[in-house]
Amino acid sequence: MSRAGGADGTRLSLAEVKDWLAANASETERQKLSGYGIPNDRAIGVAMGQMLAYARKRPKDPALAAALWADGGYEMRTLALLLDDPATLTRARMDAMADEFDNWAICDTACFRLFDKAPEAWETVPRWAASERLYTRRAAFAQVWGLSVHDKAAGDQPFLDALALAEAHANDARPHVSKAISMAVRATGKRNSTLRAATLDWADRIAPRGKTEARLAREVRRALG
């Protein structure tokens with residue numbers, strides 16, 4: 001396995017990252033992506049576990065992350081998300097990246113490993129939920145899902161506001177949106193007894209509205225017992 005520079009905490013160059021990816025690429029891994037519903041036309045086939053281990057040993061580097069993101073390849077963008085520094089993220093940058101999401105894996109990696117730790121993490125939720133773009137709206141609820149796990153200090157109100165947004169968009173039948181809403185609401189209900197009660201009330205309200213809403217309500221009730 002190739003070992004590009006940076007393992008000792010020194011800065012990586014874009015060329016070093018590209019060399020490492022090329023040395024660890026596998027056509028078998030590339031073909032696996034389509035089985036997970038991830039387009040592989042701009043992928044070279046590096047396993048997620050390898051990229052996580054690689055990024056874990058390297059320093060955060062927003063400039064390198066921006067260059068990796070601009071490349072547009074699946075693995076390059078994944079490493080961009082893993083090497084970026086959430087403390088430096090601006091609203092404009094997060095919005096621009098969210099509008100470029102073209103698959104669920106990049107969307108969820110961004111929200112679970114980067115965006116939900118940014119200073120303006122909660123402010124992204126209503127903006128992205130209002131978007132009609134598939135993966136931008138998914139990002140709103142993936143963000144809530146991530147925040148439910150990682151934002152230990154958050155009070156109930158941001159989650160109650162997110163439940164209202166989830167209710168407003170519960171009729172969005174696109175699977176990649178509906179799945180994110182389901183996961184965000186279920187995770188919200190597991191935070192504490194107050195949010196559990198609010199989430200079950202949410203399920204009761206949406207259940208009669210339509211097929212998509214009824215399925216969401218069933219998933220939430222099942223998850224919360």
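1. Helices (H or I, at least four residues) and strands (E, at least two) are DSSP runs, numbered from the N terminus. Helix H13 is followed by Gly225, whose phi is positive, near 70°.

2. On the source: this is a predicted model, in which local features need pLDDT of at least 70 and side-chain atom pairs count only at pLDDT 80 or more, while totals for chains, interfaces and linings use all residues. Residues are numbered from 1 along each chain as its sequence is written, and side-chain values use heavy atoms, with hydrogens and water left out.

3. The chain holds 13 helices and 0 strands. Its radius of gyration (taken over C-alpha atoms) is 19 Å, close to the 17 Å that the globule rule (2.2 Å times the number of residues to the power 0.38) gives for 225 residues, so the chain is as compact as a globular protein of that length. Along the principal axes, the C-alpha atoms fill a box of roughly 55 × 35 × 30 Å.

4. Buried residues make up 50% of the 225 in the chain; buried means under 20% relative accessible area, exposed over 50% and partly exposed in between, with a 1.4 Å probe and protein chains only. Of the contacts (heavy atoms within 4.5 Å) between residues at least 6 apart in sequence, 68% join residues at least 24 apart.

5. Helix H13 covers residues 211-224, and its 14 residues reach 20 Å from the first C-alpha to the last, close to the 20 Å expected at 1.5 Å a residue. The expected span is 1.5 Å times one less than the number of residues. Among the buried residues of H13 are Leu216, Ala217, Val220 and Leu224. Their cover includes helix H11 (175-189) and helix H12 (193-206).

6. How many residues of H5 are buried? The count is 10 of 10, and H5 is mostly covered. Charged side chains are on the list too, including Glu75 and Arg77. The cover of H5 includes helix H1 (14-23), H2, H3, helix H4 (62-71), helix H6 (91-98) and H7.

7. Thr78 sits in H5. Its relative accessible area is 1%, so Thr78 is buried. Beyond neighbours within four places in sequence, Thr78 is in contact with Met48, Met51 and Ile106.

8. The largest pocket has about 280 Å³ of space. Of its 19 lining residues, the closest to the centre are Ile38, Met48, Tyr74, Ala105 and Thr109. On a 1 Å grid over the protein atoms alone, a pocket is an open set of points with protein on both sides within 12 Å along at least five of seven lines, a cavity is a set where a 1.4 Å probe fits but cannot get out, and lining residues have an atom within 4 Å of a point. Points are joined across faces, edges and corners, and a volume is the space filled by probe spheres set on them.

9. Which helix gives the most to the lining of the largest pocket? It is H7, with 6 residues. By class, the lining has 12 nonpolar, 2 polar and 5 charged residues. Nonpolar means Ala, Val, Leu, Ile, Met, Phe, Trp, Tyr, Cys and Pro, charged means Asp, Glu, Lys and Arg, and the others, Gly among them, are polar.

10. The whole structure has 1 cavity of 30 Å³ or more. Helix H9 (134-150), helix H10 (157-168) and H11 each give two or more residues to the lining of the largest cavity. That lining has 7 nonpolar, 1 polar and no charged residues.
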